[in-house]
Amino acid sequence: MSEIKKSINRISNLEELTYRDTVIHRLPPVIKLLMTVIFLVTVISFGSEQVSGLFPFLLYPVLLMTVAEIPMRPLLTRLLIALPFTLFAGLSNMFFSKEAAMMLGGIIITKGMLVFVSILIKTILSVMSVLILVSTTSMNDLLYAMLYLHIPTIIVLQIMMTFRYLSVLAGEISVMYHAYILRAPREKGIKLIDMGPFLGQLIIRSFDRADRIYHAMKCRGFEGGVIFSEHKKVRTTHWLGLMIVSVVLLILRFVNLSELIGQLVIG
Amino acid sequence: MHMSDALLSVAVGTTMNVVSTGTIGYSVSRIKKYEPEENKIPMMGVMGAFIFAAQMINFTIPVTGSSGHIGGGILLAALLGPFPAVITLASVLLIQCLFFADGGLLALGCNIFNMAIIPCLIAYPILYKRILRSKLTPKRITIATILSVIVGLQLGAFGVVLETLVSGVTELPFGAFVVLMQPIHLAIGIVEGVVSAAVLCFIYRTRKDILENALGVQNTPKLHMKRVYVGILIVAIFLGGFVSWFASSKPDGLEWAIQKVTNEEELTIDSEVHNELQQIQNATALLPDYSVKSVKPIRENVSTGLSGVIGGCITLFAVTAFGTIIMLIKKRK
Amino acid sequence: MLKIDNLSVKYQDGNQVLRGLSLSIENGETVGLIGANGAGKSTLLMTLVGILLPLEGTIEIDGLLQDKKNLRELRERIGVVFQNPDDQLFMSSVYDDIAFGLRNYGMSEENIKHKIDYIMKELGVEKLQNMSSHKLSGGEKRIIAIATILVMEPSVIVFDEPSSFLDPKTRRRLIHLLRNVPMTKLIATHDLDMALELCDRVIVLKDGQVYAQGNAKDILTNQKLLEEAGLELPFCLQRIEL
């Protein structure tokens, strides 16, 4: 079951990127999380046919990736996997929306084409910004950022444990899968008829595991109370920095930089 | 059917995030109130990981020979109860969004709504619970599960259609989109329903108590469920009515606001537009095959096409150069 | 001192596992708990910390009698290292995992930091502090699992199969580590060689009762006794033809 191994490796590769020590890595996780959200909102807020205005936003991933020394490859492969669906939705616009939008040297650019390119750039920007967030911020830091934003402990714990037991459960399921496939060499996967017992067994084992974890928690005095430390203080300079980035993003949203440059060149 | 950020408008994204956050908040309070034992916490955590792992196994679908995987909403609700199931699925969706780019961060609200809230808090109580309330037998479990999985997925897929169309980023016609989405998800639903039913029947045979617990815990919420429905209904009306009006009359909320702010620019565009339109009409005459339906795109794009392209190229070049320079500086250190 | 008197435990399905078991362990002693599968080792451990409640009989630790109401206090005095470290390490970072128990008992963050730094240095695993638990190797997981209990300074520590899943070198490291743990230790294990090396005394369980107990060397060299209890001689005492 190479698919399972691949998925776990993917997470673990992204996780290893967070071990580096750069300016971006050292930023408080809350700031990075908020910055990503603000960036996303600004990008998404562009109209469906706007293309040129989006170009300057490419600076964000390029700048962060170079400063944070994030290697291109793992992120780009992730992006490629995310692309098909939006590509499909974007492409379909070419057929449904053939109104002319503008002329370029005698070629008609239809609305559909603009929408397609716009969706493409938005996908790249949104996917990259999230991937940059997780490759510069460890899961633990993200959890603390969530606590800082007053997300209830029960949810933070839930995300933490799901993340913690991903590899454990994936390991278990992969062993079971191999055991199955070795005895059913002609099958491409688990037969539908066997899915009941196959997943059922794993569910029962998972329930037992959850019981043992609960006992382990109880044995160390768990009563549903505080289990995280107080979050690190975020300095005023960081908030100031976040504000500056937001203002720059907003300006780029209102003022089409590409346009301006173009007009300057044309005269 | 994970929705991504690029196909979403800010208005729809925000609305759905608010709805989902509210529902999750409500679920948390329900869990705190009705399950004072904290043993649900590790249970939910491990089951989240289980769903994740289970989604990675492909099973073979008979006859077609193709393979598929489960979504797990009804399965989780049947094992943990609806409210813990919503939170568990939401955390799975968050992790998928962060590490696998499966669905966007702003689209998380939509995805949680379509894939967690709809199956667990709508399909589960209306169908699964109602069918099994009086008696728990393998036959009933099978029927209840298959039905609720199919209905849940159909509603979820329809949710995707609505949210995408209301966003107005892509211009798929409503009919085509529905015809595309619903039948695919009917097929997926039947298979997932059968698998979930088989799993639950196995659990029934080996650990009946798990199913009984999950059903029994939520004995009271009948009245409370109404509140959830009313909430969802209000939001639906809000979405369907206000937002779509907003979206259709003003192509995009923020853009509209921006146009208001930068009022003067629009005025200057107008005169140029006329010119450009003339050209376009000429062009269409030369290219009769190409069906340019109407000539009314009065947007900044029309007047400023060329400068945008040139400026865009320069910007792109500048960004790349900038990145390379930083990289070189970093390397030299 | 840990004192168990006439302890009986029955599972919900009616299966009685412990039948009138009595034993006592002095402070500072290292006691091995051995027996075939199903003899009642795990059940005894789970009952000690109140995860299972006894049908009859009493458990007493340092004069504190186990009772439904004082479980919290009891669990501060007796720590359990579970068989599978994956069950014990559930937080996202090693640091938070070790701090978990201390936080539950209301210790200040400053003191917690101090204690964790000390214990990790003592165990030679300072580097692992900020790692995520799922990234650790099997041996590291075991050591951190032990650290989560050691840091709470209970008076008795109960180990469930501490040497399982370990490669020989890591097992050796574990034995050294356990030897240096100053608390009273109760070690449930199938690893009789380790029991022979580590334990002052050994208790043999059979059918939910104490079948034999005494000096580790006496018990673990008694082939007849061990075979009656469904066990065999430690490997180091078996003559294996080469």
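**Figure 1. Crossing of helices H8(A) and H9(A) in a predicted model.** The crossing of H8(A) and H9(A) is right-handed; a crossing is termed right-handed if the near helix is turned clockwise from the far one by less than a right angle, and left-handed if anticlockwise. Helix H8 spans residues 153-183 of chain A and helix H9 residues 195-219 of chain A, and their axes come within 11 Å and cross at roughly 145°. Axes are lines fitted to C-alpha atoms, for helices over the stretch in contact, with angles running from 0 to 180 degrees between N-to-C directions. Helices (H or I, at least four residues) and strands (E, at least two) are DSSP runs numbered from the N terminus. H8(A) contributes A:Leu169, A:Glu172, A:Ile173, A:Met176 and A:Tyr180 to the contact, and H9(A) contributes A:Phe198, A:Leu202, A:Arg205 and A:Ser206. Two residues are in contact if their C-beta atoms, placed from the backbone, lie within 7 Å. By class, 6 nonpolar, 1 polar and 2 charged residues form this contact. Ala, Val, Leu, Ile, Met, Phe, Trp, Tyr, Cys and Pro count as nonpolar, Asp, Glu, Lys and Arg as charged, and the others, Gly among them, as polar.

Residues are numbered from 1 along each chain as its sequence is written, and chains are lettered from A and ligands numbered from 1 in the order in which they are written. In this predicted model, local features need pLDDT of at least 70 and side-chain atom pairs count only at pLDDT 80 or more, whereas totals for chains, interfaces and linings use all residues.

**Figure 2. The two domains of chain A.** Domain 1 of chain A covers 2-146 + 238-266 and domain 2 covers 152-219, with bounds from an automatic or database domain assignment. Their C-alpha centres lie 34 Å apart. In the contact, 7 residues of domain 1 of chain A meet 9 residues of domain 2 of chain A. On the domain 1 side, H1(A) gives the largest share, 4 residues.

**Figure 3. The loop around B:Ala101.** B:Ala101 lies in the loop between helix H4 (82-100) and helix H5 (108-132) of chain B. Its phi is near 55°, a positive value in a residue other than glycine. B:Ala101 counts as buried because it has 26 C-beta neighbours inside 10 Å; the cut-off is 20 or more for buried, 12 or fewer for exposed, and in between for partly exposed, with C-beta atoms placed from the backbone.

**Figure 4. The loop around C:Phe165.** C:Phe165 sits between strand E7 (156-160) and helix H7 (168-179) of chain C. Its phi is positive, about 60°, although C:Phe165 is not a glycine. With 14 C-beta neighbours inside 10 Å, C:Phe165 counts as partly exposed.
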